[in-house]
Amino acid sequence: MTARGAKTTGSPPWVANLYDSYVTVTDDIPFFVQEATSADGPVLELMVGTGRVSIPLAKAGVDLTCVDLSEPMLAKLNEKLTEDGLTATVVQANVTELALPRSDFALALLPFQSFAELTDPSAQRNALTNVANHLRPGGRFICTHHNAAIRAKMIDGVLRLRGEFQESGGNRTIRLSTCEQRVDGGAIVNALQTFEIFNVDGQLEDKRQFEVTYRLVDVEELRVMAEAAGFRVRDLYGDYQRGPFWTEESAYAIWVLEMT
């Protein structure tokens, strides 16, 4: 079975069912919790997936609105909220067409480098403008990216094992491999994810593939787009400990944008 789309913006139900098994990153959670709990007002999280960041924010008592385009992903998020007795406003919407009934958010978040999944520059500009329209004066937008200068060096068309993971809530093992290739040597990258699912006896039970497409955005391009949308750059971090961004060293570009 092959599915095409982005990991949170077009994923089929089977990806949502496996997502929490192989996306287990937590190093950014303290950063987002601190930023959200220190915001003086409601928080908007975009492209939330199954709530990897949303659940810790809700547990911290944040007045949270969660947005994603994927119905299966949001169904998983709603399950978690219900199971944990948590409250958040959950909205199915495309960030490039975002039109929520409130525009007083103190902080907007777009974690996990998911902005890159908006592969058309016009879609990225629309998203930035839409986020700005939902923030109050002085509101902030934290948007995380891969550092394109570093990420590009890792894209070589070679199939690599990303890891083996235990199924969340089950007994199966998931082996995930990825192969990333740049389209015509440009900024667009196709990443083919191959999932091999093994039962408790180590026998291959299922094999599926999912294609993720993203766009490398360098810091100067993002800066220009952000300023055109009405933001100023308040901070640019290279890691989630708020270290400085270095073009030739930092894995991430973590933007803290502020409404002008």
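## Starting with β3

How many residues of β3 are buried? In this predicted model, five of its five residues are, which leaves β3 mostly covered. Look at the strand side by side: L64, C66 and D68 sit on one face, T65 and V67 on the other, and every one of those residues is buried.

## Who sits next to β3

β3 has a parallel partner in β2, with four bridges joining the pair. If you want a landmark there, find L44, which stands opposite T65 of β3. Together, β2, α3 and β3 form a β-α-β unit, and that unit is right-handed.

β3 also pairs with β4 (residues 89-92), again parallel and again through four bridges. Here C66 stands opposite V90 of β4. To get from β3 to β4 the chain passes through helix α4 (residues 71-84), making a right-handed β-α-β crossover.

D63 is found in the loop that links α3 (54-59) to β3 (64-68).

Setting aside residues up to four places away in sequence, D63 touches P42, V43 and R102. Q92 is another story: 29 residues along the chain from D63, with 18 Å between the two C-alpha atoms.

Nonpolar side chains tend to be buried together in soluble globular proteins. In this model, the largest nonpolar core has 33 residues, and L46, F141 and F231 have the most contacts inside it. At least two core residues come from each of β2 (43-46), β5 (105-110), α5 (121-133), β6 (135-146), α7 (219-228), β11 (231-237) and β12 (252-259). The largest share belongs to α5, with five residues.

Beyond its neighbours within four places in sequence, F231 is in contact with L128, V131, A132, L135, F141, A226, L257, E258, M259 and T260. Apart from this core lies another one, of 26 residues, including I29, L77, L81 and L107.

## A covered helix

Helix α1 (residues 13-22) is mostly covered too, with seven of its ten residues buried. Those buried residues are W14, V15, A16, L18, Y19, S21 and Y22.

Definitions and conventions:
Residues are numbered from 1 along each chain as its sequence is written. This is a predicted model: local features need pLDDT of at least 70, side-chain atom pairs count only at pLDDT 80 or more; totals for chains, interfaces and linings use all residues. Side-chain values use heavy atoms; hydrogens and water are left out. A nonpolar core is a set of buried Ala, Val, Leu, Ile, Met, Phe, Trp, Tyr and Cys residues joined through side-chain atoms within 4.5 Å. Buried means under 20% relative accessible area, exposed over 50%, partly exposed in between (1.4 Å probe, protein chains only). Contact means heavy atoms within 4.5 Å. Two strands pair if DSSP finds at least two bridges between them. A crossover is right-handed if, with the strands pointing away from the viewer, the path from the first strand over the helix to the second runs clockwise.
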